[in-house]
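Student: I would like to go through this model by question and answer. Please give the cut-offs as the terms come up.

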Amino acid sequence: MARVTVEDCIDKVDNRFELVLLASHRARLISQGAPITIDRDNDKNPVVALREIADETLAPEDLKEDLIHSLQKHVEVDEPEPDASQMLPTEAQSETRDEEDDMPETVNFDQMSEEELLAGIEGLVPPEKNDDY
């Protein structure tokens with residue numbers, strides 16, 4: 001059995017469930033070849049992960065961030081917001097905006113009467129029946 005118990009680690013990570021998640025994530029990292037920060041002493045990866053957490057050679061916050069990052073499928077990249085100077089309109093833009101604001105916006109759609117619509121529907125040719133289907 002492990003020489004390190006949950007009680008040795010619980011003061012570092014308050015939630016036992018979170019401790020299990022972090023230790024298992026760290027054990028997977030060790031099995032993938034991540035360097036360990038303590039002497040192995042012929043222990044298995046989960047025990048080494050628990051000992052690293054208990055000895056505080058790894059910060060639980062860093063492990064948590066790494067775990068979250070490993071589980072993300074889509075990582076959003078924060079793009080810098082434009083400067084306030086770029087958002088302010090220049091004098092020329094403000095003059096054209098004032099003129100545009102006075103004019104009501106009109107949206108033009110193609111208008112079709114009912115008769116034109118019916119004539120268009122009647123003009124449609126039904127698909128030919130095929131024996132293959």
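Tutor: Buried means under 20% relative accessible area, exposed over 50%, and partly exposed in between (1.4 Å probe, protein chains only). This is a predicted model, in which local features need pLDDT of at least 70 and side-chain atom pairs count only at pLDDT 80 or more, while totals for chains, interfaces and linings use all residues. Residues are numbered from 1 along each chain as its sequence is written, and side-chain values use heavy atoms, with hydrogens and water left out.

Student: How many helices and strands does the protein have?

Tutor: Helices (H or I, at least four residues) and strands (E, at least two) are DSSP runs, numbered from the N terminus. Read from the N terminus, the order of elements is α-α-α-α-α-α-α. The count is seven helices and zero strands.

Student: What percentage of the residues in the protein is buried?

Tutor: Accessible areas come from the Shrake-Rupley method with a 1.4 Å probe, and for residues only the protein chains shown count as cover. The accessible surface of the protein is about 11800 Å², with 51% of it belonging to carbon and sulfur atoms. Of the 133 residues, the buried share is 19%.

Student: What share of the contacts with a separation of 6 or more comes from residues 24 or more positions apart?

Tutor: A contact means heavy atoms within 4.5 Å. Among contacts in the protein with a separation of 6 or more, residues 24 or more positions apart account for 47%.

Student: How many salt bridges does the structure hold?

Tutor: A salt bridge is a side-chain nitrogen of Lys or Arg within 4 Å of a carboxyl oxygen of Asp or Glu. Under that criterion, the number in the structure is five.

Student: Which residue forms a salt bridge with Glu-52, and is Glu-52 buried or exposed?

Tutor: The partner of Glu-52 is Arg-26, with the closest N and O atoms 2.6 Å apart. Glu-52 is in helix α3 (residues 45-54) and Arg-26 in helix α2, so the pair links distant parts of the chain, 26 residues apart. Arg-26 has a relative accessible area of 6% and is buried.

Student: Why does the salt bridge of Glu-18 and Lys-64 tie together separate parts, and how many residues apart are they?

Tutor: The closest N and O atoms of Glu-18 and Lys-64 are 3.6 Å apart. Because Glu-18 lies in helix α2 (residues 16-31) and Lys-64 in helix α4, the pair ties together parts whose separation in sequence is 46 residues.

Student: Which residues form the negative surface patch?

Tutor: Patches are made of residues with over 30% relative accessible area and no salt bridge, like charges being joined within 9 Å and nonpolar side chains (Val, Leu, Ile, Met, Phe, Trp, Tyr) within 5 Å. Lys and Arg count as positive and Asp and Glu as negative, without His and the chain ends, and the place of a charge is NZ of Lys, CZ of Arg, CG of Asp or CD of Glu. Glu-65, in helix α4 (residues 60-71), is exposed at 55% relative accessibility. The negative patch is formed by Glu-61, Asp-62, Glu-65 and Asp-66.
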